[in-house]
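User: I am new to this structure and would like to learn how to read its features. Could you walk me through it?

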Amino acid sequence: MKEHDTLAKRLGIILTRLNTGEKLRLDELSREFGVSERTLQRDFNERLNTLPIEREGSCYFLDPKVLGRQSSRELSLLLLNIGLDTLFSGKHYLSNGVLNSLKTPPFLFKNPRTEDVSKYAAIFDKLINSIQRRHIIAFTCNGKRYDKFSPYRLVNDRGLWYLAGVNRNSLHSLRVSQISELIRYEDKYTPCNNIEIKLSGVGLDRYQLDTVEVLVVINQHALDAILKENTSNELVVLKELESGDVLASYQSNNIQALLRHIKAWLPDVEVLSPDWVRHQLKQELQSYVDSTY
């Protein structure tokens, strides 16, 4: 049997087989995927626990009454839960007859800009479980340690994944790709309705509370003009390079505002770090180019 070494691929294959009515045995899956039966039990009991999965001993299968069925109401709830309820103008478009039509497909999403989470799938999985079970966690992000962090939601904002939660009575939004040394405690927190409303109602950039240092290289010919615009003193010149250009540091807790400044200064400014700011700037520029053709 071919071994599948990623969680996402394993769950995808399991879901596909369950939906076709196949009965899956732990011992056979263990040999196929090269993981322990205990790991597979976690797949069924924790990661897939929202599905109507039946169990007979070590054999798992979907409730026959729901095989191949998903009502428009269930699909509407799914879209609502992931924040895409306004994606379609009418809920009747969500029926199986429309979405699963063998005729010409009515919808096509081209080049969706989403971050690849496969590189940190293990942390992503732990965060999902912590959010669902309301467990308090601790971790390191960009060299800073966060203890007793209450994780509320994993939010995809403009294609990038953030962990939104509360630490020391403050709302934080932190890049998931920058999280390491994650610990999940048995202690649980009680969610606050006001935090839920904030997360559902606005983009995370309005609650970007953590100051980020962005290193940039500025063309020597544009330096004076850019410094005159820097009325907030957030831009600090660090040193002059051999080329005559300068290395500068820009510290801000509002990355979207910073990106607007950088786009106005192009091509005289280049972002060096952090990588996720470079990535976000590239995405926004690419989106603009795509929209003009």
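User: Is Arg145 buried, exposed or partly exposed?

Analyst: Buried means under 20% relative accessible area, exposed over 50%, and partly exposed in between (1.4 Å probe, protein chains only). Arg145 has a relative accessible area of 33%, so Arg145 is partly exposed. Before we go on: this is a predicted model, where local features need pLDDT of at least 70 and side-chain atom pairs count only at pLDDT 80 or more, while totals for chains, interfaces and linings use all residues. Residues are numbered from 1 along each chain as its sequence is written, and side-chain values use heavy atoms, with hydrogens and water left out.

User: Which residue does Arg145 meet in a salt bridge?

Analyst: A salt bridge is a side-chain nitrogen of Lys or Arg within 4 Å of a carboxyl oxygen of Asp or Glu. Here the partner of Arg145 is Glu181, at 3.6 Å from N to O. This pair links distant parts of the chain, with Glu181 in strand S8 and Arg145 in strand S5 (residues 144–157), 36 residues apart. Glu181 counts as exposed, at 55% relative accessibility.

User: How many salt bridges does the structure hold?

Analyst: There are eight salt bridges in the structure. One of them joins Arg42 and Asp125, whose closest N and O atoms are 3.9 Å apart. Arg42 sits in helix H3 (residues 37–47) and Asp125 in helix H6, 83 residues apart, which links distant parts of the chain. Asp125 is buried at 9% relative accessibility, whereas Arg42 is partly exposed at 32%. Another pairs Arg47 with Asp43, with the closest N and O atoms 2.4 Å apart. Arg47 and Asp43 are four residues apart in helix H3, so about one helical turn separates them. Both Arg47 and Asp43 are buried. Arg10, Arg42, Asp43, Arg47 and Asp125 are linked in a salt-bridge network.

User: How many helices and strands does the chain have?

Analyst: Helices (H or I, at least four residues) and strands (E, at least two) are DSSP runs, numbered from the N terminus. This chain has ten helices and twelve strands. Of its 293 residues, 37% count as buried.

User: Which residues form the positive surface patch?

Analyst: Patch residues have over 30% relative accessible area and no salt bridge, and like charges are joined within 9 Å. Lys and Arg count as positive. In this model, Lys126, Arg133, Arg184 and Lys188 form a positive patch. Helix H6 (121–133) and strand S8 (179–188) each give two or more residues to the patch. Arg133, in helix H6, is partly exposed, with a relative accessible area of 33%.

Note on methods. Patches are made of residues with over 30% relative accessible area and no salt bridge: like charges are joined within 9 Å, nonpolar side chains (Val, Leu, Ile, Met, Phe, Trp, Tyr) within 5 Å. Accessible areas come from the Shrake-Rupley method with a 1.4 Å probe; for residues, only the protein chains shown count as cover. The place of a charge is taken as NZ of Lys, CZ of Arg, CG of Asp or CD of Glu.
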